[in-house]
Amino acid sequence: MLPGVTMALLQELHAHNVAPVPIGHLPEMQAAFAPNTTVGVRAISAIDDTQLPTEHPALVELRESFLALRGEQM
């Protein structure tokens, strides 16, 4: 994980835990995402051989909250 502005903004809006996920626990995951300033919330469809859904209620909520953020006024 590389912390950045998008992740920090999402963490301000949502309760969260940050912890490493051992490879053996990947099949237990319900979804994964990569935050990015350009894209916002990008779903991760697979990690190694573990397929993950790209549509999940948590991803929808994160996307919507990111899109609702107001940018700084210049």
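A: Begin with the largest pocket: 25 residues line it, and Met7, Asn17, Ala31, Ala32 and Phe33 are the ones nearest its centre. The model is predicted, so local features need pLDDT of at least 70 and side-chain atom pairs count only at pLDDT 80 or more, while totals for chains, interfaces and linings use all residues. Residues are numbered from 1 along each chain as its sequence is written, and side-chain values use heavy atoms, with hydrogens and water left out.

Q: What counts as a pocket, and how much space lies in the largest pocket?

A: Rolling a probe the size of a water molecule over the atoms shows where empty space is left. On a 1 Å grid over the protein atoms alone, a pocket is an open set of points where a 1.4 Å probe fits, with protein on both sides within 12 Å along at least five of seven lines; lining residues have an atom within 4 Å of a point. Here the largest pocket holds about 940 Å³, a volume being the space filled by probe spheres set on the points, which are joined across faces, edges and corners. H1, E1 and H2 are the elements that give two or more residues to its lining. H2 gives the most, with four residues.

Q: Which elements does the protein have, and in what pattern?

A: Helices (H or I, at least four residues) and strands (E, at least two) are DSSP runs, numbered from the N terminus. The protein has two helices and four strands, and along the sequence they follow α-β-β-β-β-α. The C-alpha atoms fill a box of roughly 45 × 20 × 20 Å along the principal axes.

Q: How do I check the length of helix H2?

A: The expected span is 1.5 Å times one less than the number of residues. For the twelve residues of H2 (residues 57-68) that should be 16 Å, and the end C-alpha atoms are 16 Å apart, which agrees.

Q: Which residues of H2 are buried, and which are exposed?

A: An α-helix has 3.6 residues a turn, so residues three or four places apart point the same way. Buried means under 20% relative accessible area, exposed over 50%, and partly exposed in between (1.4 Å probe, protein chains only). In H2 the buried residues are Leu59, Leu62, Ser65 and Phe66. They cover an arc of only 135° around the axis, which puts them on the same side of H2; the arc is that of the directions from the helix axis to the C-beta atoms. Pro57, Glu64, Leu67 and Ala68 are exposed on the other side of H2.

Q: What about the buried residues of H1?

A: Those are Thr6, Met7 and Leu10. Their arc is only 95° around the axis, which puts them on the same side of H1. Exposed Val5 and Glu12 sit on the face of H1 turned away from that buried side. E1, E2 and H2 are included in what covers the buried residues of H1.

Q: Which residues make up the largest nonpolar core?

A: In soluble globular proteins, nonpolar side chains tend to be buried together. A nonpolar core is a set of buried Ala, Val, Leu, Ile, Met, Phe, Trp, Tyr and Cys residues joined through side-chain atoms within 4.5 Å. The largest one has six residues: Leu10, Val41, Ala43, Leu59, Leu62 and Phe66. H2 gives the most to this core, with three residues.

Methods: Contact means heavy atoms within 4.5 Å.
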